[in-house]
Amino acid sequence: MSTKEFKRAARIILVGAPGVGKGTQAERLMKRYPQLSAVSSGDLLREGVRNRTPLGLQAETFIKAGNLVPDEMILKLILDKLKSNRWVSLQSSVTDPSPAQPSKSPSASFILDGFPRTATQASRLDSLIPVNLVVSLITPVNIILSRIASRWVHAPSGRVYNTDFNAPKVPGRDDLTGEPLTKRADDDEETWKSRLKKFDETSKPLLDHYDRKNVLWTVKGNSSNEITPKLFQELDSRFA
């Protein structure tokens, strides 16, 4: 895969239903555009808890109680990460009424993963740092359900296989260990239909929010390989 250089900073969010392939697209984008980094709210939370940082310890109290970590705490984790990379001013604060002034350098490009999930969270993020591209990834529900039915995992390592397009070398066995593959407990059709319905309900206000901001772009395809070239073409025209 050939690489491309950005000419200006890209601040991207990928939005898509579970099973649509957001992780696959993010990996491909970072290979195509070396200046692009991933900023995952989930990873930042886990890292903070593991390293016993003040924010991590606060977040842990919510997690242990079975509660959602407050938006303000996640925003502060994201801002701290952007500040540590010098992608925003070191004086930026979540309590500052004006948005942080993001770096225009192409090396300050990132894909934000895991946040925001709602229009309310998106509004708070807008007040912190402006996103300049939101990609809505759309794959038909029947295709997603078919993918899930074909998905097998090696539980100890987390390696994922799909009998349709990423099959193990030996059916039912992990490529590296030879150990048996299993199905995830929640990989049944009814569970997934419920998850997809819930995603539709929560994502519409989020997408409407970004549509009003004129940063929403929608791409459709039946597979990741069908979507990727369209995604590359769009980012080339906007940032490269």
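**Aromatic pairs, sheet order and helix packing**

A search of the whole structure, which is a predicted model, finds 4 aromatic pairs. In one of these, the ring centres of Tyr33 and Phe232 are 6.1 Å apart and the ring planes stand at 90°, so the pair is classed as edge-to-face. Because Tyr33 belongs to the loop between helix H1 (22-32) and E2, whereas Phe232 belongs to helix H8 (residues 224-239), this pair ties together parts of the chain that are 199 residues apart in sequence. Tyr33 and Phe232 are both buried. A further aromatic pair, formed by Trp87 and Phe110, is stacked, with 5.8 Å from centre to centre and 10° between the planes. This pair likewise links distant parts of the chain, given that Trp87 is found in the loop between H4 and E3 and Phe110 in strand E3, 23 residues apart. Burial again applies to both partners, Trp87 and Phe110. Tyr33 and Phe232 also take part, together with Phe6 and Phe239, in one aromatic cluster.

Strand E3, which carries Phe110, is part of an open sheet of 5 strands whose order is E2-E3-E1-E4-E7 and whose pairing is parallel. From one strand to the next, the twist averages 25°. Within the sheet, strand E1 (residues 11-16) and strand E4 (residues 133-138) run parallel and are joined by 5 bridges; in this pairing, Ile13 stands opposite Val134 in E4.

Helix H2 (residues 41-50) lies across E2 and strand E3 (109-113), and its direction makes an angle of about 65° with E2. Helix H2 also packs with helix H4 (residues 71-84), the angle being about 90° and the axes lying 10 Å apart, which means that H2 is roughly perpendicular to H4. On the H2 side the contact is made by Ser41, Leu44 and Leu45, and on the H4 side by Ile74, Leu77, Ile78 and Lys81. By residue class, the contact of H2 with H4 comprises 5 nonpolar residues, 1 polar residue and 1 charged residue.

A glycine in helix H3 (residues 54-64), Gly56, has a relative accessible area of 2% and is therefore buried. When neighbours within four places in sequence are set aside, Gly56 is in contact with Gly48 and Val49. The C-alpha atom of Gly56 is separated by 7.7 Å from that of Arg46, a residue 10 positions apart from Gly56 along the chain.

Returning to helix H8, in which Ser224 is located, the relative accessibility of Ser224 is 14%, so this residue counts as buried. With residues up to four places away in sequence not counted, Ser224 touches Val20, Gly21, Thr24, Gln25, Arg28 and Arg147.

Notes: Residues numbered from 1 in each chain as written. Predicted model: local features only at pLDDT ≥ 70, side-chain atom pairs only at ≥ 80, totals over all residues. Heavy atoms only, no water. Pairing = 2+ DSSP bridges. Helix = DSSP H or I, 4+ residues; strand = E, 2+ residues; numbered from the N terminus. Axes fitted to C-alpha atoms, helices over the stretch in contact; angles between N-to-C directions. Contact = heavy atoms within 4.5 Å. Buried < 20%, exposed > 50% of the residue type's maximum accessible area, 1.4 Å probe, protein only. Parallel < 35°, antiparallel > 145°, perpendicular 65-115°, else oblique. Nonpolar A, V, L, I, M, F, W, Y, C, P; charged D, E, K, R; others polar. Phe/Tyr/Trp six-rings, centres within 6.5 Å; stacked < 30°, edge-to-face > 60°.
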